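Please read each answer with the model in view.

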Amino acid sequence: MKIICEGLDLSDALLKVAKACSTKTTNPILECVKITAENDGITLIATDGEISIRRKMRAEVLEEGAVCVPGKFFADFIKKLENEQITLATEKDCVQIIYADSESSMQMLNPDDFPAIEANIGENRMELLAKDLKELIAKTTFCCAQDDSRPILKGVLIKAENGSAVFTALDGYRMAVCKKEILSLHGEFSIICPGRTLNEIGRMLGSDEDRIDIFVQKNMLMVSIDDTVLTSRLYEGEFVNVSNIVPRDFASRTIVDKNALDESAERAAVLARTDKNSIVTLDVHEGGIGVSSNTSIGSVNEEVKAELSGKDVLISLNCKYLTECLNAATDEKVMIGFNGALSPCVMTPVEGDSYLYLILPVRTSA
């Protein structure tokens, strides 16, 4: 293989593709980016066995062929050459990197050992605006589980039916649901997509008005944006039946300015995070919500104006869960429903059902 390309173009492509390189594997080929040169360009692809990212770019191809280079190291090296024209050529077990009056080399692996990537995915298709997909991702993936004790909770349940897409994520302590209208749908589906996959898709998205197609077939998902294609395996198994989790009625409902409550909770959280339980207490009463935290470092006691219908409530919540849910909500005011100190609280828009956050309370000695 021998090609000539611009350093900036190659660096940009590598930085996008190398995100799919594995960092924890006993198989060195999964740490590589495969570069294939043919016709009038090159194709870069990387995979960790779950996610794969493929990107095409123009280059002058002097000799067709393929190489596998260590993804992270190669990407970091090429980033230092963004202002140079680069020639890549293979010589024995190395790829030669020629730039200006200099030459470097890096070991390569056999490209024939690189795993085949499924590219024929198109049985079901959902089309939606980029801004709506961004919001679906941003409002849910932070609630995915981070540990491997229940791997399926590291994913987001995606249901596409009746003209809407509904994303649901939960980690056992909180839950996020977001709903958006879609532009078109060919084949209804219900899948569990890794949260990491969705976050990578979110980083790929460009203009808010772009129309994005998500393709689903069997246990695979594919998204193509500009010259970049991401494919991902889906989780198999039964997701939690969330219809039994959300309370149907509430003994108390309060409407509060989202930013005011968020800012107060953030200040209380500064001290609350010094305690192992990270507790913020909400005293919900007529006319306001008392926000407090008491630790060995000090205490915070603030009052936020709010409207209440129903009984007074005193409830303790994990400060991280509360502030993350408030940060994800996008309305000026939110409605929060309560059924006492030991029942989950639910945050929704004042009108509509575009999102929902459920947080389990923390039991305290008090």
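Q: Why is Ala100 called exposed?
A: Exposed means over 50% relative accessible area, buried under 20%, and partly exposed in between (1.4 Å probe, protein chains only). Ala100 has 59% relative accessibility, so Ala100 counts as exposed. This is a predicted model, in which local features need pLDDT of at least 70 and side-chain atom pairs count only at pLDDT 80 or more, while totals for chains, interfaces and linings use all residues. Residues are numbered from 1 along each chain as its sequence is written, and side-chain values use heavy atoms, with hydrogens and water left out.

Q: Where does Ala100 lie, and what is its phi?
A: Ala100 belongs to the loop between β8 (94-99) and β9 (102-107); strands (E, at least two residues) and helices (H or I, at least four) are DSSP runs, numbered from the N terminus. The phi of Ala100 is near 50°, a positive value in a residue other than glycine.

Q: What makes Lys218 exposed?
A: The relative accessible area of Lys218 is 76%, and therefore Lys218 is exposed. Lys218 is found in the loop between β16 (211-217) and β17 (220-225). Its phi is positive, about 50°, although Lys218 is not a glycine.

Q: Why does Thr140 count as buried?
A: Thr140 counts as buried because its relative accessibility is 0%. Thr140 sits in the loop between α3 (130-138) and β11 (155-161). Leaving aside neighbours within four places in sequence, Thr140 is in contact (heavy atoms within 4.5 Å) with Val156, Phe167, Ala169, Ala176, Val177 and Cys178.

Q: Why is α5 called roughly antiparallel to α6?
A: The axes of α5 (residues 258-272) and α6 (residues 319-328) come within 9 Å and cross at roughly 155°. Axes are lines fitted to C-alpha atoms, for helices over the stretch in contact, and angles run from 0 to 180 degrees between N-to-C directions. Angles under 35 degrees count as roughly parallel, over 145 as roughly antiparallel, 65 to 115 as roughly perpendicular and the rest as oblique. The crossing angle therefore makes α5 roughly antiparallel to α6.

Q: Which residues of α5 and α6 meet?
A: Lys258, Leu261, Asp262, Ala265, Glu266, Ala269 and Ala272 in α5 meet Cys319, Leu322, Thr323, Leu326 and Asn327 in α6. By class, this contact has seven nonpolar, two polar and three charged residues. Ala, Val, Leu, Ile, Met, Phe, Trp, Tyr, Cys and Pro count as nonpolar, Asp, Glu, Lys and Arg as charged, and the others, Gly among them, as polar.
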